[in-house]
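Dear colleague,

Please find below the structure for your review. A short account of the findings follows it.

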Amino acid sequence: MISARKIQGRKTVAVLPVHYPRELFTAMDIRTVELWGPPGPPRGPDAGRIQTYACAIVRNALAFLASGGADAVDAVLFPHTCDSIQGLATLAPDFGGWEKPALRYLHPKGEDRPAARAFVRAELVHLADRLAELTGSPLEIPRLAAAIGLHAKIDRLRGALLSRRAFLGMGDPALYRLLRRGEFLGPEDHLAELADAARGLGEERMQRGIPLMVTGYVPEPMTLFDSLEAAGAFIAADDYAAVGRRVPAAPPAVGGDPLDTLAAKAFAMPPCPTRGGDQDARMEYLASLYRHSGAAGLIVHVQKFCEPELFDFPAIRRRFARIGAPLLYLEGELENSLSGQVITRLEAFVEMVDAGRMSP
């Protein structure tokens, strides 16, 4: 896939999860292909170079890079998502023999404040300088402004498809495949696909199954949605780090200095434990998302050993127990498909939620 997406004359960068300034890459005519593992068994033995209590996303990514799976790209970006991914920026060149540029991006932690925005702005400038070394051309501010406008359209459509989920005549398996194509498609192509799908949004409710909310890191294996659909449920609210948490809750105003706009966007995203925000604020956000979506149950779907997600789980469990929401905890390791045991648990959960809705 990486080779297929590498376009003649354009640089391509593989990107580890989760948050990074896509607009900067678009403005500098660089293609990005996101590397969420990849799922399935590790591509090579180098996964064993990392301790077994690190998440599968990191172990699989090292194995994939070391086995030559990303040799077609020109560099890899390691955002400062967690200690494991930050460490991978060093381990991949040392253990995996990665000889191309290993780029880093420290996204903001904590609350929005002037010093934090100044920090983000400096990080953007630093990353732009590294990308300029890669392409041989400096960042052009007017092109960044145009890229911000392009991605704002993408964000609006993604937000509309997620927030008005019940009014879209498209099943979850197809919707999530569409949303995740943004991980590797060029932004113009992704925008065209989203616009086509958004034309299916109407005023009449199309989804009539059991509405559920999901929170977690990445929707793998994607057969999760097939199983939920077969059980008569659909995802009414999404809080996956890979999907819903990358749509701005309150998009920043455009205009002015594009770098300032991009820095402001970093603080306009939904709360995410990978950015170390206030936990109480995140619980308020999740409860509000649940309430407004009409969801009748919550699935917490995390990767084993994912520390940022697991730190918040006790608070999620307490908060949703307080509001009487049924909760199912699923933990995985980037398997290719769900086990029969997990499918049975999903079916039983949907049945329990449905029974709860029917009871007086």
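**Surroundings of Tyr20**

In this predicted model, Tyr20 is in contact (heavy atoms within 4.5 Å) with Val15, Phe25, Thr32, Glu34, Leu77, Pro79, Tyr105 and Arg246, leaving aside its neighbours within four places in sequence. Tyr20 lies in the loop between β1 and α2 (22–27); helices (H or I, at least four residues) and strands (E, at least two) are DSSP runs, numbered from the N terminus. With a relative accessible area of 10%, Tyr20 is buried, a term that stands for under 20% relative accessible area, as against over 50% for exposed and partly exposed in between (1.4 Å probe, protein chains only). From Tyr20 to Pro211 the C-alpha to C-alpha distance is 31 Å, and 191 residues separate the two in sequence.

Residues are numbered from 1 along each chain as its sequence is written. Local features need pLDDT of at least 70 and side-chain atom pairs count only at pLDDT 80 or more, whereas totals for chains, interfaces and linings use all residues; side-chain values use heavy atoms, with hydrogens and water left out.

**The four-stranded sheet**

Four strands form an open sheet in the order β2-β1-β3-β4, with parallel pairing; two strands pair if DSSP finds at least two bridges between them. The edges are β2 (30–34) and β4 (102–105), each with a single partner strand, so one side of each has no neighbour in the sheet. On average, neighbouring strands of this sheet are turned by 30 degrees against each other, direction ignored. Five bridges join β1 (residues 11–15) to β2 in the parallel sense, and Lys11 has Ile30 of β2 as its bridge partner. Helix α5 packs on the sheet and touches β1, β2, β3 (75–79) and β4, its direction making about 160 degrees with that of β4.

**Helices α5 and α10**

Helix α5 (residues 114–135) packs against helix α10 (residues 258–265) at about 120 degrees, with the axes 9 Å apart. Axes are lines fitted to C-alpha atoms, for helices over the stretch in contact, and angles run from 0 to 180 degrees between N-to-C directions. The contact is made by Arg117, Val120, Arg121, Leu124 and Val125 of α5 and by Leu259, Asp260, Leu262, Ala263 and Ala264 of α10.

**Strands β5 and β6**

Strand β5 (residues 210–216) pairs with β6 in the parallel sense over seven bridges, and Val214 has Asp238 of β6 as its bridge partner. Eight of the eight residues of β6 (residues 233–240) are buried, so this strand is largely enclosed by the rest of the structure.
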